[in-house]
Amino acid sequence: MNETIKSILERRSIRSYDLRPVEKEKIETILKCGQFAPSAMNRQPWHFTVITDRKVLDRISEANRQVFLQSDDEKMRERAKDPDFDTFRGAPMAIFVSGDREAKYAPADCANAVENMALAAYSLGLGSCYIASFRHALERPEGAHLLKELKIPEGYQPLYALSLGYGNETLGERAPRRENTVTYIE
Ligand SMILES: Cc1cc2nc3c(=O)[nH]c(=O)nc-3n(C[C@H](O)[C@H](O)[C@H](O)COP(=O)(O)O)c2cc1C
């Protein structure tokens, strides 16, 4: 099996990490792979925010926890009470991907960038986890100061993040793929 297909089939979401920082060179390669994702009309309507200061991630996670605590959904309230609650899953860093609000396909384009980065990270021996739940905190008026702190450019909205680091999780079996999701028209 070639290395690309192997990476696609073997990549897993990682939710436990060593605190060892990720080397700058690897971060730069991962970002480059994100920037080379396909985008509608090649608009590249993304902005990448690299957060290696865990204290910043902690503040966002805590803001998220507060939102979860007030949720109508009992499951979310229970999650927020977990003393190990961490939106970024214990990773030492994360890359946020924000999309241009004016670009119709920005969510797809940014998602492509995240997946490219996740695969690149895997191929470099790193673990990663795609994260969207951080948006709960940032989308509320109370989260405006966090957006400012992240220096998200005007007109862009954070869509996804990729937690990154050296994983130390013992993974269980993969969930089976759903059946009947392919139709051939021949
Ligand atoms: C758009 C999107 C949002 C996600 N948000 C989160 C998240 O907030 N927290 C988390 O732990 N995992 C999140 N995930 C990871 C999924 O749970 C994971 O990809 C899925 O369970 C399949 O597992 P795998 O990535 O190991 O194949 C997200 C994935 C996607 C594509």
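The dialogue below takes up the sheet, a pair of helices and the surroundings of the ligand.

User: What is the order of the strands in the open sheet?

Analyst: Please note that this is a predicted model. The open sheet holds four strands in the order S1-S2-S4-S3, with antiparallel pairing. Strand S1 (46–51) and S3 are the edge strands, each pairing on one side only. On average, neighbouring strands of the sheet are turned by 20° against each other, direction ignored.

User: How many bridges join strand S2 to strand S4?

Analyst: Strand S2 (residues 93–100) and strand S4 (residues 156–165) run antiparallel and are joined by eight bridges. Phe-96 stands opposite Ala-161 in S4.

User: How do the axes of helix H1 and helix H5 cross?

Analyst: The axes of helix H1 (residues 3–10) and helix H5 (residues 106–123) cross at roughly 105° and come within 9 Å. H1 and H5 are therefore roughly perpendicular to each other. Ser-7, Ile-8 and Glu-10 of H1 make the contact with Leu-119, Tyr-122 and Ser-123 of H5. By class, three residues of this contact are nonpolar, two are polar and one is charged.

User: Which strand gives the most to the shell around the ligand?

Analyst: Strand S3 (residues 127–131) does, with three residues. The residues around the ligand include Arg-12, Arg-15, Arg-89, Ser-133 and Tyr-160. By class, the shell divides into five nonpolar, two polar and three charged residues.

Conventions. Residues are numbered from 1 along each chain as its sequence is written. This is a predicted model: local features need pLDDT of at least 70, side-chain atom pairs count only at pLDDT 80 or more; totals for chains, interfaces and linings use all residues. A residue is near a molecule or strand if its C-beta atom, placed from the backbone, lies within 6 Å of it. Helices (H or I, at least four residues) and strands (E, at least two) are DSSP runs, numbered from the N terminus. Ala, Val, Leu, Ile, Met, Phe, Trp, Tyr, Cys and Pro count as nonpolar, Asp, Glu, Lys and Arg as charged, and the others, Gly among them, as polar. Axes are lines fitted to C-alpha atoms, for helices over the stretch in contact, and angles run from 0 to 180 degrees between N-to-C directions. Angles under 35 degrees count as roughly parallel, over 145 as roughly antiparallel, 65 to 115 as roughly perpendicular and the rest as oblique. Two residues are in contact if their C-beta atoms, placed from the backbone, lie within 7 Å. Two strands pair if DSSP finds at least two bridges between them.
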